[in-house]
Number of protein chains: 2
Amino acid sequence: MSRGHDRLIAELREKLGATVVVTDPDLIAPWLTDWRGRWTGKAAAMLQPGTREEVSTILAAANEAGVPLVPQGGNSSMVGGATPDQSGDMVILSLRRMKEIRAIDPETRQCVVEAGMILATLQDELAEVGLRLPLDLGARGSATIGGLVSTNAGGTEVLRHGTMGEQVLGLEAVLADGSVIDTLSPLKKDNRGPRIDRMMIGGEGQFGVITAVRLQLTALPSDRATAWVGVASPQAALKLLRFCEQECDAVEGFELLPKDSLAAAEAVFDLRAPLDGDHDWQVLIEAKGESEAGTLNEKLGSILAGAIEQGLAQDAVLAQSEAQAEAFWSIRHHLSDAEKRHYGMANSHDISVPVDAMPAFLKEVRDRIEADYPGAWVSGYGHLGDGNIHLHVRPMDRASDDWRATEGAEIERKVHDMIVAHGGSISAEHGIGQMKRDEFARLGEPARLAMLRALKQALDPKRILNPGKLIP
Amino acid sequence: MSRGHDRLIAELREKLGATVVVTDPDLIAPWLTDWRGRWTGKAAAMLQPGTREEVSTILAAANEAGVPLVPQGGNSSMVGGATPDQSGDMVILSLRRMKEIRAIDPETRQCVVEAGMILATLQDELAEVGLRLPLDLGARGSATIGGLVSTNAGGTEVLRHGTMGEQVLGLEAVLADGSVIDTLSPLKKDNRGPRIDRMMIGGEGQFGVITAVRLQLTALPSDRATAWVGVASPQAALKLLRFCEQECDAVEGFELLPKDSLAAAEAVFDLRAPLDGDHDWQVLIEAKGESEAGTLNEKLGSILAGAIEQGLAQDAVLAQSEAQAEAFWSIRHHLSDAEKRHYGMANSHDISVPVDAMPAFLKEVRDRIEADYPGAWVSGYGHLGDGNIHLHVRPMDRASDDWRATEGAEIERKVHDMIVAHGGSISAEHGIGQMKRDEFARLGEPARLAMLRALKQALDPKRILNPGKLIP
């Protein structure tokens, strides 16, 4: 830790007090390691501002001192996006104390909420007035709104509602020099140049620190239908998706689940998929709407009957109660953990290709990797409707750290090459962070990388905002 | 014209031929003046590339030579955004020859189309396969897709579908150095940093030249309802809007029309509003959907009956045929011209405030301007549902050029001050261009202006892309 840090910390403690400036190692320790325990770092201090003005004071001072900050929300990044490095030169900037709902407007279905608000807490508050944010994911109990926006998070409702960024109508962010951009005013039209605030969405804290956002909400659904369907192949699943979308605009989730993943859930957690027959692939479908309760169940039931008749589906069952719907989803949410326990760690790839290309891509990657690396085993589940599968590669035996770092890493690069050849993305919804930075550098189009670097240089010339992440 | 221009033009003619490099003054002349005749400039040449590669060659060479380019589509900018300056140093870069539809996918309702495609032509092509782009405006016969995206154009369907930018799924653009960014691949999720391509949307050609876009389309409507409604005030109109939106999600247009504008249409074009009574304000409502023909008419009819019962509306009439619907809209589309002929030129303000603030803003601006400038007369019509009114200020006598440049300009600054005080925008849908650049410099938040300047410096350090527009 350099003298610059000492001075910065002393200056900020003087200005903002000990609640904001934390140096007790015991208080900082839990935030030095990402939640999956893959990255650990050191930090000279942890700053916990409670207001936009305090964030502004911190950034202006850090910029002046040249001390790098790591913005952090719930610390639930999947790619090491919120973990400081090993140097001890970085300071954690926690937004967790900024968690107020500044406004809710039930008429326009909008709210303004601060960055540190936890997703699940926000949903509870919104439900009180009949609203919800149409975004859901496993980390809902820890992920913060600021983090979700900074990483443009996805989840299980993207099919209909889009990713987190698409819910953002405007935002307030502090730039590297402490100045503030504010697009929270609820304007439907504002044509004063491009929407520069969008640089913060998926920006992984590189271009500014989000302190609040205005969100577009939807009504709390009054009706819901959840179905479990057996299909012959990903190709059949895709046809089923198109058929469902044609017949019903309320389909929010469409998760493709392979046999081996479901076998793990049964073996480890005794969670049994609700269909009796033997299906190579199964699909979990969710529809939500504002219709009278039961309407969607009837509609989805008749759609699925038609699908079976047309040979698009092999068998289907509808959840008959809220509890049963939750049980269906519980299987989906336990898959990651079940696979890890049953089959061992995998090299996991959060990737996307154009939706229509997914079935062919899945087959090609499986055939090629399993041929080139005997014993390697490719599987995957996830958001077929978004062209986003979480692809897992394992050796037949449980994967050792050594395998993951050698053959596994080599396979990863091959998978990424195939993704690029299909016009896809090496990160669908988890971001780049530390984990994929080098692969992004290797495979990103030169013009895209150059543009990102130029924008970074323009907005954060001293590299104080989350250096070492995203931008190669 | 400097020697740099000579060399550039000779070099490009050598490389790209005479079809691309036009120097005949007669061919260039029509493109030196904006369509309303407010700005005229000079140009050393007009370049008409036919492919992305040619655009790339042109930008690389112009960047090398330091020769500024003015990208141009249909030349229908409302703010002088596509007109060269008087220096003769600029070269027009026309995208009009790039007008292919590269792909249409009826299943996902998407198309990839080049920048020079004219809006009306695209709509005709799309209608052949049952699709449409949900965007419409007066300049449909000349405005190009590239121009519409570069200016993030609005129009009469924004209420439901958003502005042009919201239809853009991805794009291809050439940067100042000739390199190309390409996000045309139809990925639903791509989390490799922020969407840098969004810098081109509403970017007014400052950050790159759009050559093609992937657009989200909707189905050609099978059902349509158009209504004309008398209301007591803008406040009542806003309540009516909320009531309609609550009852029907197919409302695409909601245009507020004052008595004096309608009087002009009747006086000049003999276009009579379809209601008999005397209403201070009237509203034109449009709903479109995929329902069986007649369904929306019935639905909107019953909604309006309810609205009259509740005192939200005074009277209403539904168009009984497609021809009648077109006649309703014809009145709306003739208002601008009718006012000009009947009342003389106005100082027109394309402004927005939060939707809910519009009635109070309209009253306040009218009261204040008419009090401070006896004889000045404030009126306005337009997209109430978007918080976007085209506000017109005139003296009681026909406005002279002198009035417009003196008292009119002073009033304009006062109106803009009031807009800022209401958290609004001095440009709702027309952009900044040349016309509003100085007011943007005066009123833009310092952090926003600084960020725009930094981004411009990063992406176009030699200022070859449309200099003198947007960025102060």
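Start at Asn75(A): it is buried, with a relative accessible area of 8%. Buried here means under 20% relative accessible area, exposed means over 50%, and partly exposed lies in between, with a 1.4 Å probe and protein chains only.

Ground rules, quickly. This is a predicted model, where local features need pLDDT of at least 70, side-chain atom pairs count only at pLDDT 80 or more, and totals for chains, interfaces and linings use all residues. Residues are numbered from 1 along each chain as its sequence is written, chains are lettered from A and ligands numbered from 1 in the order in which they are written, and side-chain values use heavy atoms, with hydrogens and water left out.

Back to Asn75(A). It is found in the loop between β3 (69–72) and β4 (91–94) of chain A. Helices (H or I, at least four residues) and strands (E, at least two) are DSSP runs, numbered from the N terminus. What does the side chain of Asn75(A) reach? The backbone oxygen of Thr33(A), at 2.9 Å. Such a polar contact is a pair of N or O atoms within 3.5 Å; within protein, one must be able to donate a hydrogen and the other to accept it, and residues adjacent in sequence count only if both atoms are side-chain atoms. Not counting residues up to four places away in sequence, Asn75(A) touches Pro30(A), Trp31(A), Thr33(A), Asp34(A), Trp35(A), Ala82(A) and Thr83(A). Contact means heavy atoms within 4.5 Å.

Ser77(A) is found in the loop between β3 and β4 of chain A too. Ser77(A) is buried, at a relative accessible area of 17%. Its side chain reaches the backbone nitrogen of Gly80(A) at 3.3 Å. Leaving aside neighbours within four places in sequence, Ser77(A) is in contact with Asp34(A), Trp35(A) and Ala82(A).

Next, the chain A sheet. It is open, with 7 strands in the order β15-β12-β14-β13-β17-β18-β16, and the pairing is antiparallel. Two strands pair if DSSP finds at least two bridges between them. At the edges sit β15 (315–318) and β16 (347–352) of chain A, each pairing on one side only. Neighbouring strands of this sheet are turned by 20° against each other on average, direction ignored. Axes are lines fitted to C-alpha atoms, for helices over the stretch in contact, and angles run from 0 to 180 degrees between N-to-C directions.

Look at one pair. β12 (residues 223–231) and β14 (residues 281–289) of chain A share 9 bridges in the antiparallel sense. Trp228(A) stands opposite Leu284(A) in β14(A). Helix α9 (residues 295–309) of chain A packs on the sheet, touching β12, β14 and β15 of chain A, and its direction makes about 20° with that of β12(A). Helix α11 (residues 358–372) of chain A lies across β13 (251–258), β14, β16, β17 (376–383) and β18 (388–395) of chain A, at about 160° to β17(A).

Now chain B. Its open sheet has 7 strands in the order β15-β12-β14-β13-β17-β18-β16, paired antiparallel. The edge strands are β15 (315–318) and β16 of chain B. How enclosed is β16(B)? Largely, because 5 of its 6 residues (347–352) are buried. It is joined to β18 (residues 388–395) of chain B by 6 antiparallel bridges. Ser352(B) stands opposite Asn388(B) in β18(B). Between β17(B) and β18(B) there are 8 bridges, again antiparallel. Trp377(B) has Arg394(B) as its bridge partner in β18(B).

α10(B) packs on this sheet, touching β12, β13, β14, β15, β17 and β18 of chain B, with its direction at about 50° to that of β12(B). Among its buried residues are Phe328(B), Trp329(B) and Leu335(B). A kink of about 50° is centred on Leu335(B). The bend at a residue is the angle between axes fitted to the seven residues ending there and the seven starting there. Just after α10(B), Gly344(B) takes a positive phi of about 90°.

Last stop, α8 (residues 259–269) of chain B. Its buried residues are Asp260(B), Ser261(B), Leu262(B), Ala264(B) and Ala265(B). Their cover includes α10 and α11 (358–372) of chain B. Just after α8(B), Asp270(B) takes a positive phi of about 60°.
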